[in-house]
Amino acid sequence: MEQTEKIYDVIVIGAGPGGMTAALYASRSNLSTLLLERGIPGGEMNNTAEVENYPGFKSILGPELAEKMYESAMQFGAEHAYGDVKRIVVDGDYRIVEAGKKSYKARAVIIATGSHHRKLGIPGEDQYNGRGVSYCAVCDGAFFRGKQLAVIGGGDSAVEEGIYLTQFADVNIVHRRDEFRAQKIIQGRAFKNEKISITWDSVVEEIKGDGQKVTGVVIRNKKTNEITEKAVDGVFIYVGILPQSDAFLDLGITDGEGWIITNEHMETAVPGIFAIGDVRQKLLRQITTAVGDGGEAGNRAFAYIEDLHDRLEAAEAAAETVD
Ligand code: FAD
Ligand code: NAP
């Protein structure tokens, strides 16, 4: 593994709204900062059509907000490199971040790796992934002009992305209960939308296809156990999220489900390792909360590094006195 020579003050892992804000705060405090990202900067914002709950913009496209945040994050000299982080090793006062063939050395690390979509685990889901099954309306919606779609789930993502999909297709939202979990304002829009129908109290048990592409879904009503088959051309699945924390499980900083536990200053149980945004154990996962976490972590990383310098100077002074 090739270890880069430079020692960074802070390495931020993940360039979603949380990570980009942390990089902004750290670099603006004159900390040498590296932002490592394995994909396109922006995180989940790149998969979001319209954002209308981020202050300063009445409404803005997710990828556009991502671009603006990136420009903002890089303006004080933070570096950005490609890296798919596999492990963090604690080496005394240093934190070694391993990403593929490269490893990077830092005094503090901020984990901002977010979450990824949960799968349903039903027959047909993997077989037709990319051939009618999708987890991203913004990426794939336009392939379904004039078609019939099933959207599975009842949270913000399912209902909001279901509404987005109606510009291309007729949408049937299949939800396992008789009320949505989504914010009321989003629900209201779905109820008013003539291109949306809702199948309540029901689960999709199988995604059917002709071997090449999706042709339908098998739906079971949970109250009556009645099974129906509905012809659809595509299935969009939004049944919740899972933490992207596999690379950090050996640090002992996660709960039983893999969410990273922090205090209100974004400090984990390992000194010098912070966690922010969706990957953190918390109740509200939004762009605003990821951004807030990022500001706090950037600021606390600065304080941590100052303390570290003070400790090292005091230790050196003590050693000189003994000599
Ligand atoms: P993310 O945005 O998930 O970014 C994490 C980044 O880390 C990603 O870029 C990923 O590639 C990178 N990464 C992960 N693992 C590694 C690794 N090992 N090495 C290197 N890089 C890594 N919130 C709102 O406030 N308003 C909305 O309208 C809204 N709409 C949404 C619509 C959808 C469909 C979804 C799924 C979510 C939506 N959200 C919305 C929620 C919001 O997107 C998230 O809360 C927010 O993006 C979390 O930010 P984050 O920085 O914690 O993580
Ligand atoms: P979520 O809030 O966890 O909702 C998941 C939905 O899927 C729930 O309705 C759940 O049903 C259903 N579900 C879970 N497992 C299922 C299964 N096995 N079979 C069928 N249905 C199942 O997830 P999300 O909607 O992806 O949202 C994730 C986070 O992003 C949330 O914090 C959300 O607020 C945020 N977000 C915000 C916005 C916004 O602010 N505009 C937009 C999108 C997402 P139950 O309701 O019965 O549990």
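Here is a friendly conversation about a predicted model and how some of its features get their names.

Me: Let's begin with ligand 1. Which residues are the closest to ligand 1, and how many surround it?

Reply: There are 31 residues around ligand 1, and the closest are G18, E37, N53, D278 and I287. By type, the shell divides into eight nonpolar, 14 polar and nine charged residues. Helix α4 (156–165) is among the elements that supply at least two residues each, and α4 gives the most, with three residues.

Me: What makes the pairing of ligand 1 with G18 a polar contact?

Reply: An oxygen atom of ligand 1 is 2.9 Å from a polar backbone atom of G18. A polar contact is a pair of N or O atoms within 3.5 Å, so this pair counts. The backbone of V85 has a polar atom 3.0 Å from a nitrogen atom of ligand 1, and for Q286 the distance from a polar backbone atom to an oxygen atom of ligand 1 is 3.3 Å. As for cover, ligand 1 taken alone exposes 1,000 Å², and the protein buries 91% of that.

Me: How do you know that ligand 1 lies between domain 1 and domain 2?

Reply: Look at where the shell residues come from. Domain 1 (2–116 + 241–322) and domain 2 (119–237) both give residues to the shell around ligand 1, so ligand 1 lies between them.

Me: Now for the rings. How many aromatic pairs does a search of the whole structure find?

Reply: The search finds six.

Me: Why is the pair of F180 and F191 called stacked?

Reply: The ring centres are 5.9 Å apart, and pairing needs them within 6.5 Å, so F180 and F191 make a pair. Their planes are at 15°, and under 30 degrees counts as stacked, so that is the name they get. F180 is in the loop between β12 (170–174) and α5 (184–192), while F191 is in helix α5, 11 residues apart.

Me: Then why is the pair of F180 and W200 called tilted?

Reply: Here the centres are 4.7 Å apart and the planes are at 50°. Stacked means under 30 degrees and edge-to-face over 60, so an angle of 50° leaves tilted. W200 is in the loop between β13 (196–199) and β14 (202–209), 20 residues from F180. Ring pairs link F180, F191 and W200 into a cluster.

Me: What makes F180 buried, but F191 partly exposed?

Reply: F180 has a relative accessible area of 5%, and buried means under 20%, so F180 is buried. F191 has 47%, which is between 20% and 50%, so F191 is partly exposed. W200, with 27%, is partly exposed too.

Me: Last one: is T268 buried or exposed?

Reply: T268 has 11% relative accessibility, under the 20% cut-off, so T268 counts as buried. Its loop runs between β18 (241–243) and β19 (273–275). The side chain of T268 reaches the backbone nitrogen of V270 at 3.2 Å and the backbone oxygen of I273 at 2.6 Å.

Terms used. Residues are numbered from 1 along each chain as its sequence is written. Chains are lettered from A and ligands numbered from 1 in the order in which they are written. This is a predicted model: local features need pLDDT of at least 70, side-chain atom pairs count only at pLDDT 80 or more; totals for chains, interfaces and linings use all residues. Side-chain values use heavy atoms; hydrogens and water are left out. A residue is near a molecule or strand if one of its heavy atoms lies within 4 Å of it. A polar contact is a pair of N or O atoms within 3.5 Å; within protein, one must be able to donate a hydrogen and the other to accept it, and residues adjacent in sequence count only if both atoms are side-chain atoms. Accessible areas come from the Shrake-Rupley method with a 1.4 Å probe; for residues, only the protein chains shown count as cover. Helices (H or I, at least four residues) and strands (E, at least two) are DSSP runs, numbered from the N terminus. Ala, Val, Leu, Ile, Met, Phe, Trp, Tyr, Cys and Pro count as nonpolar, Asp, Glu, Lys and Arg as charged, and the others, Gly among them, as polar. Domain bounds come from an automatic or database domain assignment. Buried means under 20% relative accessible area, exposed over 50%, partly exposed in between (1.4 Å probe, protein chains only).
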